[in-house]
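User: Could you take me through one part of this protein at close range? I would like to follow a single sheet and its surroundings, strand by strand.

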Amino acid sequence: MDELLRVEGLVKHYRVRRGWGGRGARVHAVDGVSFAIAPNETYALVGESGCGKSTTGFAVLRLIEPTAGRVWFRGRNVLALDPEGLRRMRREMQIVFQDPFGSLNPRLTVERTLEEPLLNHERLSAAERRERVAEMLEVVGLHPEHRRRFPHEFSGGQRQRIGIARALMLRPRLVVGDEPVSALDVSVRAQILNLIVKLQRRFGISLLFISHDLAVVRYVSHRVGVMYLGRIVETAPVRELYENPLHPYTRALLSAVPVPDPRRRRTRILLPGDVPSPIDPPPGCRFHPRCPEALAVCREEDPRPRRPADGRIVCCHLYGGSPPGETVSPAPEPGASPPTPEERRT
Ligand code: SF4
């Protein structure tokens with residue numbers, strides 16, 4: 001099976017102090033996350049705020065150091081790389097941040113911002129760098145004249161185009177998109193999503209797309225991992241997940257997504273209570289205090305990942321199946337796109 005990235009048992013815990021002079025505690029931000037991404041594939045991590053999806057993305061890139069687990073990128077153990085090895089690997093793994101303004105240096109022109117990765121990683125003449133910058137500006141839909149401007153002179157959507165251009169300057173193989181459209185106005189969100197899908201196809205990039213928005217995830221991704229309280233509870237190809245969600249948490253999340261067809265009605269599943277604290281995750285299944293289908297065993301036994309159908313993995317006592325060996329589906333054909341809007345409506 002062709003894989004670009006494999007993450008196994010990724011853990012990130014933070015030590016915190018409870019109250020003034022209180023005892024130390026451990027925040028289980030990410031607690032045993034495993035997934036794989038094929039070349040040309042967009043894999044989305046989706047879940048409520050605080051479920052650990054952004055922490056997972058940062059830990060994969062080693063922007064924060066994981067507590068435990070393994071990350072393999074093109075067969076290399078990312079967590080074992082020394083600083084020079086990490087610097088070279090970053091050339092192939094880039095990130096687009098949520099806040100397009102905060103992620104750009106306000107004192108650098110667009111040209112200087114886009115040149116920076118080239119100066120750090122490639123030996124090009126000034127003329128060659130200018131050419132690459134002009135080419136990338138055109139690719140992301142900005143005007144050549146924009147290169148002399150500063151970030152504050154752009155709208156939010158244009159700034160995110162600059163962020164995407166910067167991430168693509170070195171032609172990476174993997175891009176982590178950390179909520180790349182959630183800070184944008186609704187009116188420009190669709191434009192940036194279309195740009196992301198277009199560039200993912202054009203450059204054959206693998207994308208780890210992190211979002212809390214299920215409608216957005218459906219539009220861009222090939223496969224989806226649903227996270228709850230630091231763990232992936234369900235993984236499935238996008239169409240299967242939206243048409244037939246298996247995990248009770250996925251069903252509740254999807255029941256809240258509006259259906260753009262007045263003839264179809266969805267029964268909203270309201271979950272009781274709040275998401276428990278990641279300092280004291282519940283024993284057994286972490287979702288059991290809120291699960292409308294909880295069994296007695298759910299309070300005591302942590303459900304193991306099972307594969308109830310081809311390409312699907314679910315952590316829930318309601319489902320049997322073999323343990324997942326491989327966690328990645330066949331790589332999409334180069335240029336293969338997520339389902340079209342028409343296909344999504346069927
Ligand atoms: Fe609900 Fe039990 Fe499944 Fe957890 S394991 S989601 S509590 S049915």
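The request below picks the sheet, and the answer walks through it.

User: In what order do the strands of the open sheet of 8 strands come, and which strands stand at its edges?

Analyst: Happy to walk through it with you. Please keep in mind that this is a predicted model. The open sheet has 8 strands in the order S6-S7-S8-S3-S9-S10-S12-S11, and their pairing is mixed. At the edges stand strand S6 (93-96) and strand S11 (306-309); each has a single partner strand, so one side of each is left without a neighbour in the sheet. From one strand to the next, the twist averages 25 degrees.

Let's start with S7 and S8. Strand S7 covers residues 174-178 and strand S8 covers residues 206-211; the two run parallel and are joined by 5 bridges. To find this pairing on your screen, look for Val 175, whose bridge partner in S8 is Leu 207. As background, strands of a sheet pair through backbone hydrogen bonds, either parallel or antiparallel.

Between helix H5 (156-168) and S7 lies Arg 171, which has a phi near 50 degrees, a positive value in a residue other than glycine. That is worth a second glance because most residues other than glycine have a negative phi. With a relative accessibility of 37%, Arg 171 counts as partly exposed.

Further along the sheet order, we come to S9 and S10. Helix H9 (residues 248-255) packs on the sheet here, touching strand S9 (223-228) and strand S10 (231-237). The direction of H9 makes about 105 degrees with that of S9. In the loop between S9 and S10 you will find Leu 229, another residue with a positive phi, near 50 degrees. Is Leu 229 buried or exposed? Its relative accessibility is 5%, so Leu 229 counts as buried, the cut-off for that being under 20%.

The loop between H9 and S11 holds Leu 295. Together with Val 297 and Leu 318, Leu 295 makes a nonpolar surface patch of about 200 Å². Leu 295 counts as partly exposed because its relative accessibility is 36%.

Notes. Residues numbered from 1 in each chain as written. Predicted model: local features only at pLDDT ≥ 70, side-chain atom pairs only at ≥ 80, totals over all residues. Heavy atoms only, no water. Pairing = 2+ DSSP bridges. Helix = DSSP H or I, 4+ residues; strand = E, 2+ residues; numbered from the N terminus. Axes fitted to C-alpha atoms, helices over the stretch in contact; angles between N-to-C directions. Contact = heavy atoms within 4.5 Å. Patch = residues over 30% accessible without salt bridge, like charges linked within 9 Å, V, L, I, M, F, W, Y side chains within 5 Å. Areas by Shrake-Rupley, 256 points an atom, 1.4 Å probe, with all protein chains shown as cover. Salt bridge = Lys/Arg side-chain N within 4 Å of Asp/Glu carboxyl O. Buried < 20%, exposed > 50% of the residue type's maximum accessible area, 1.4 Å probe, protein only.
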